[in-house]
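Here are my notes on the structure you sent. Please read them with the model open beside you.

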Amino acid sequence: MRIAINGTGIAGPTLAYWLRRFGHKPVLFERAPALRAGGYVIDFWGLGYEIADRMGILPALMERGYLMQRLRMVDADGREVAGMDVAPLREQVHGRFISVARADLAAALFHACDGIPVHFGLSIVDVRQETRGVVVTLSDGRMERFDLVIGADGLHSRVRELVFGPDDRFERALGCHVAAFRLTDYPHRDELVYVSHTVPKRQVARVALRNRETLILLICRSELIEGFPPRELQKAALRQVFGQMRWEVPDILARLEAVDDLYFDRISQIHLNRWTLDRVALLGDAAACASLLAGEGTGLAMIEAYVLAGELSRSGDDVAKGFRAYEARLRSFVSDKQKAALWLRGFFAPQTAMALKLRNFAVNLMSVPLVGKRLVSRSLSDRLELPDYEMTVRPGCQASR
Ligand SMILES: Cc1cc2nc3c(=O)[nH]c(=O)nc-3n(C[C@H](O)[C@H](O)[C@H](O)COP(=O)(O)OP(=O)(O)OC[C@H]3O[C@@H](n4cnc5c(N)ncnc54)[C@H](O)[C@@H]3O)c2cc1C
């Protein structure tokens, strides 16, 4: 089948890779003019990691990634008030846990798609479903026909809007906002340590990266921000919300002024009753964003892509059957991940001073060997059997790598 994929982030290239491997002809579209560099850093483990391994991209991730050593929560004077080592956590998943820039993961996935047509600066702006195919209109005005269209275009998916309805029907705001940006030559560095300072309703964190860069994350409760500020007012909104904090925050806010790549958004989840409609399917954040609180969005996006490609290939020409199997296999798994993410709001932005104390107590508890092991293994485990589609796709469907 010839399959249009809107979005070349994490889910899009993973899907394209597996579709080609199972004998289909994917075509990728990406609104941005090129792959983006920089951006935030993600933690990556579980079944997503397993799929990355099957795609042969682990060496690239190892080369670019970070094996974080510690979480350190500090007070206004920079003294550690809570902390935990990451090593036991990594041991729990047999070393298969890495932190990597989202852009580096996206680039590794993209390179695995070498030879698959990719159109940057071009996206799907209209979708018309017909009995045996879909006619899409592209942003340059051209129309093209495909057998299927996949929306892998993230939290604010255009394909979802075109086919399923407007964002506000599916987006559930979780009551927090996030901003992320990078600073060059920021003077405070603790290599391989996530250092954060939290006061009620606000957290500021930093992670030292290669090439003299530092990732800064600002998270706050949404009631502190009025409405959704337009791009030109976002820095002012952040200054207002975080301006009273001590520690390194005044310095960070001063440096924010010169930043030109600021990520700023509400923290939201996406909930739809179904991820497929006739010949269109959604995956990744477009289908079921669990939010950054889950810390697993990339892994989920890759799992969904792998399963969608596998189930479509298993079901041959019966697209409806493939789509049903995709949803049946994943819906409750993904929904559990979305529920689990809600608990983590209190970790990033506890509401009160008492909640903050409890959070610090809980983090310190994680360092108590048996307790920590039990809590960690529960939150890191994926209760899903990943099918080996390469063994089971119908004969003749499998293509060479
Ligand atoms: C601050 C932050 C921290 C996070 N931390 C973690 C973490 O630790 N671990 C983790 O696993 N996940 C984390 N996540 C979540 C993770 O980044 C996402 O869940 C994941 O990237 C989803 O992949 P995706 O391919 O569905 O969407 P995206 O990665 O958002 O990719 C969507 C792509 O579609 C493109 N696009 C958008 N609109 C259009 C359009 N109209 N036409 C064509 N293309 C379009 C975009 O440019 C982009 O390339 C974090 C997210 C944030 C914001």
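**Notes on the model**

1. Thr-276 is buried, with a relative accessible area of 4%. Buried means under 20% relative accessible area, exposed means over 50%, and partly exposed is in between (1.4 Å probe, protein chains only). Thr-276 sits in strand β17, residues 276–277. Helices (H or I, at least four residues) and strands (E, at least two) are DSSP runs, numbered from the N terminus. The side chain of Thr-276 makes a polar contact of 2.8 Å with the side chain of Glu-327. A polar contact is a pair of N or O atoms within 3.5 Å; within protein, one must be able to donate a hydrogen and the other to accept it, and residues adjacent in sequence count only if both atoms are side-chain atoms. Leaving aside neighbours within four places in sequence, Thr-276 is in contact with Phe-164, Ala-281, Phe-323, Tyr-326 and Glu-327. Contact means heavy atoms within 4.5 Å.

2. A word on the source. This is a predicted model, in which local features need pLDDT of at least 70 and side-chain atom pairs count only at pLDDT 80 or more, while totals for chains, interfaces and linings use all residues. Residues are numbered from 1 along each chain as its sequence is written, and side-chain values use heavy atoms, with hydrogens and water left out.

3. Which residues come nearest to the ligand? Of the 27 residues around the ligand, they are Ala-11, Glu-30, Tyr-40, Arg-102 and Thr-298. A residue counts as near if one of its heavy atoms lies within 4 Å. A polar side-chain atom of Glu-30 is 2.6 Å from an oxygen atom of the ligand. The ligand taken alone exposes 1,000 Å², and the protein buries 89% of that. These areas come from the Shrake-Rupley method with a 1.4 Å probe; for residues, only the protein chains shown count as cover.

4. Strand β3 (41–45) and helix α10 (297–314) each supply at least two of its residues. Helix α10 gives the most, with four residues. By type, the shell divides into eight nonpolar, 11 polar and eight charged residues. Here Ala, Val, Leu, Ile, Met, Phe, Trp, Tyr, Cys and Pro count as nonpolar, Asp, Glu, Lys and Arg as charged, and the others, Gly among them, as polar.

5. Helix α1 (residues 11–21) is mostly covered, with 10 of its 11 residues buried. Among the buried residues are Ala-11, Tyr-17, Trp-18 and Arg-21. Just after α1, Gly-23 takes a positive phi of about 95°.

6. In helix α7 (residues 234–242), the buried residues are Gln-234, Lys-235, Ala-237, Leu-238, Val-241 and Phe-242. Seen down the axis of α7, these residues fall within an arc of 155°, so they line one face of the helix. The arc is that of the directions from the helix axis to the C-beta atoms. The buried residues of α7 pack against β12, β14 (202–208), β15 (213–221), α8 (249–256) and β16 (263–270).

7. The side chain of Glu-171 makes polar contacts with the side chains of Arg-266, at 3.2 Å, and Ser-268, at 2.6 Å. Arg-172 is also found in β12, which covers residues 171–184. Arg-172 is partly exposed, at 49%. Beyond four places in sequence, Arg-172 touches Ile-267, Ser-268, Gln-269 and His-271.

8. Val-195, in strand β13 (residues 193–199), is buried, with a relative accessible area of 2%. Val-195 and Ala-205 are 10 residues apart in sequence and 5.5 Å apart in space, C-alpha to C-alpha.

9. Two loop residues deserve a look. His-94 has a phi near 55°, a positive value in a residue other than glycine. His-94 lies in the loop between α4 (87–92) and β6 (97–101) and is exposed, at 71%. Asn-211 has a positive phi of about 55° although it is not a glycine. Asn-211 lies in the loop between β14 and β15 and counts as exposed at 65% relative accessibility.
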